[in-house]
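Visitor: I have a model open and a few things to ask about it. Can you take me through some of it?

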Amino acid sequence: MIGMNGNVVRLGYLLAISLLLSALLYFFASNWPALDRWGKIGISVSVLVLFYLVSYLVAYLLKRHSFISNWLLLAGCLSFGVSVALLGQIYNSHADSYMLFVVWLIPSLLFSFLTRYQPFYVISFVLAHLALWFFLDPSVVHVAREDAWWFMTFWIIGLLDFILFWLAYTQRLRSRAIQYLSFAVFCLALFCSSFVDVYGPFPELLYMLTGAALFFLFLKWMPNRGLLVAKSAFLALFVIANFFWYMAEYYSEGFFALSLLVAGLLVWGAVVAIKWLKSSNRHESMWFRFFQEAFMVLVTTVASLIASVSITGFMFLVFTDSTAVLYFTFFLSVVGFLGPVVLYKGMNATVRYTLLMMGYLMGASSSIFLESGIWILFLAVAGVVWFILPSVAGRLLTQFTFLVVLGIELTDIFPHEWVMLLLFVFQMGMYVLWRGSPVLRNTSLSYALFFLLLLTEWSDHGTLLLVSNLGFFALSTFLLYWTLQRQRGSWEFGITLAFWFAFLAMKYYDFVWSLLHKSLSLLLLSLVFFAVSGWLDRRAKYEGTSEKPPIVAMKRLLLVPVILLQLVIVGYQVWSSETILAQGTLVKLELQPVDPRSLLQGDYVQLGYTISRLDSEDLQHGKNIRVVLRKQADGVYGYSGYYELDGVWNREYQAQPDDVIINGTTLGSTQVEYGIESYFVPEGTGLEVERNARFAYVKVGKKGDAILESLANQ
């Protein structure tokens, strides 16, 4: 068993490996021009091999630290993905291509099957869904799809994820993480399907029926509080979204009056239903408590929002003086809704939280638009409610509303950097000083880290930006070690760890500081964490025997073929690309660029070609096509009018000496994608390339595969 000192050492090694992987990703994404393609390939392959080699060495030399060997094995799989992305950058293949994630997924799935290691399950799940996402919605080219296609796709994704959820829930697939991840994607996919404009009201009706079935499934037959509340939240969002849609369609006094009546009936029905259920279930079984919580979330959220919008909308339609309406709405929220909540202690819980949410919605929105310091009065009222209403749910709602109003109003007075700093100090102080409910401590910590994270992105002042970034990293790292050693600090540790990784991810898209400099900084930090963790390791006290043997010790022979497969994949991609560059025919194409940043591969210029559009054609989407390019008088190659689709030429073709046949994929009736639509550039040079580049030089191999070699202005 590992004691507290051992946990500190584990955390240090985890952070060190995470920083090292981030440094590698940032370095390769920077596309440093001083390093040629063979240097980049050599470094990436060396790192890949080194991770696996050290994983094996640690398994046999440091047997008490099996976690290090396991994490290095995981890092090797992640570095393989970085290597595949790097090859795409070097040879200018698609930015964020779904094939990148498919290739990456293969060894990850094999590792998952062979090791049953939970992080491999999570990585495989994420990679599979990223591959699916970029297949359905490519980042480089726009694909137009019909609504019926999207509806069916959402349902197919949802059903596949529900099967995965069911396997995990019934322990056929032992992974709690996959259980919750698959359920979240399942709910999101079905939620999106309900808004596809196809088949009349069928998508909405199908979603409501499915939602009701799942509600009772997790209520009665498979009682689960978390899943029930989550499904209730999605149902609430569905009802609210449809309410706003109908409001836009039927904006009138009658609509708002009817909506207010529906909200009232909803609350009344909920109160009656809960009372009846209490009389029928005097012992208050587990499923009844679950139902009450989920039903309260659903009813209070839906009813309060509909009622608040209906009252405010009705008032604005009836009365022409908008300022008077705002004042009336504000005092109605304080006297008519928040007042009874505070004064009448015996109020039904569903009614209480509905009125509380209505009071905050109407009071916050009106105080924000009113002048004369009304917002200060509202915050004072919220403070009174905080101290008089001791329930955790009420205080959570009060805390959120207070911070929203305070942040919006102070931003109108002071620079937003100082407002974020003030809110951070406020919530951090509450986290440190609060001795009440741990739930409120956790939310205060979340808000504090959130505001400080925003400060690292929003600051325009150079010194403050540097201090906020260093401060966030130092504070979050300190909190990780501090909460790890506190009893009952698991939630605080998890919150801090999530923000720590979010900080690393957000810095990738921070354009103030170059990726290369960030990479070097992260590498130095990684070395520091390795050194400190090693020093603590030598002084740590370990209780009992060593841990479970590392994965590579138990599966050493089974894992070797998977590692070799990754090297074969990298080697084949390099060989095939180099063959095209060495033996392919050079063609000159006219282009039109745009400049974004890839998820993994860095800055690139998005290209469009004159040959990408085959006018006067009617092509079926998603088909393999071979297009004949013919050299024109100015030396630029263009579409010759000939193509081969599924082995059949569009018309009789007689080859010319300078003809070049290039492979592509159809994207609709006239559009073709060739796999050369992305050109990766060193960080910060995309705008210059966009201004100067007019032509692309492409190497086309004997089999029709193409590689973008360079861009030029002539």
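Visitor: Leaving aside its neighbours within four places in sequence, what is Gln-118 in contact with?

Guide: Gln-118 is in contact with Arg-174, Ser-175 and Arg-176, where contact means heavy atoms within 4.5 Å. This is a predicted model, in which local features need pLDDT of at least 70, side-chain atom pairs count only at pLDDT 80 or more, and totals for chains, interfaces and linings use all residues. Residues are numbered from 1 along each chain as its sequence is written, and side-chain values use heavy atoms, with hydrogens and water left out.

Visitor: Which side chain makes a polar contact with Gln-118?

Guide: That of Ser-175, at 2.7 Å. A polar contact is a pair of N or O atoms within 3.5 Å; within protein, one must be able to donate a hydrogen and the other to accept it, and residues adjacent in sequence count only if both atoms are side-chain atoms.

Visitor: Why does Gln-118 count as partly exposed?

Guide: Because its relative accessibility is 30%; buried is under 20% relative accessible area, exposed over 50%, and partly exposed in between (1.4 Å probe, protein chains only).

Visitor: Where is Gln-118 found?

Guide: In helix 5, residues 118-136. Helices (H or I, at least four residues) and strands (E, at least two) are DSSP runs, numbered from the N terminus.

Visitor: New topic: what is the strand order in the open sheet?

Guide: The five strands run 6-5-4-7-8, with antiparallel pairing; two strands pair if DSSP finds at least two bridges between them.

Visitor: How many bridges join strand 4 and strand 7?

Guide: Six, between residues 624-631 and residues 660-666. Arg-626 stands opposite Asn-663 in strand 7.
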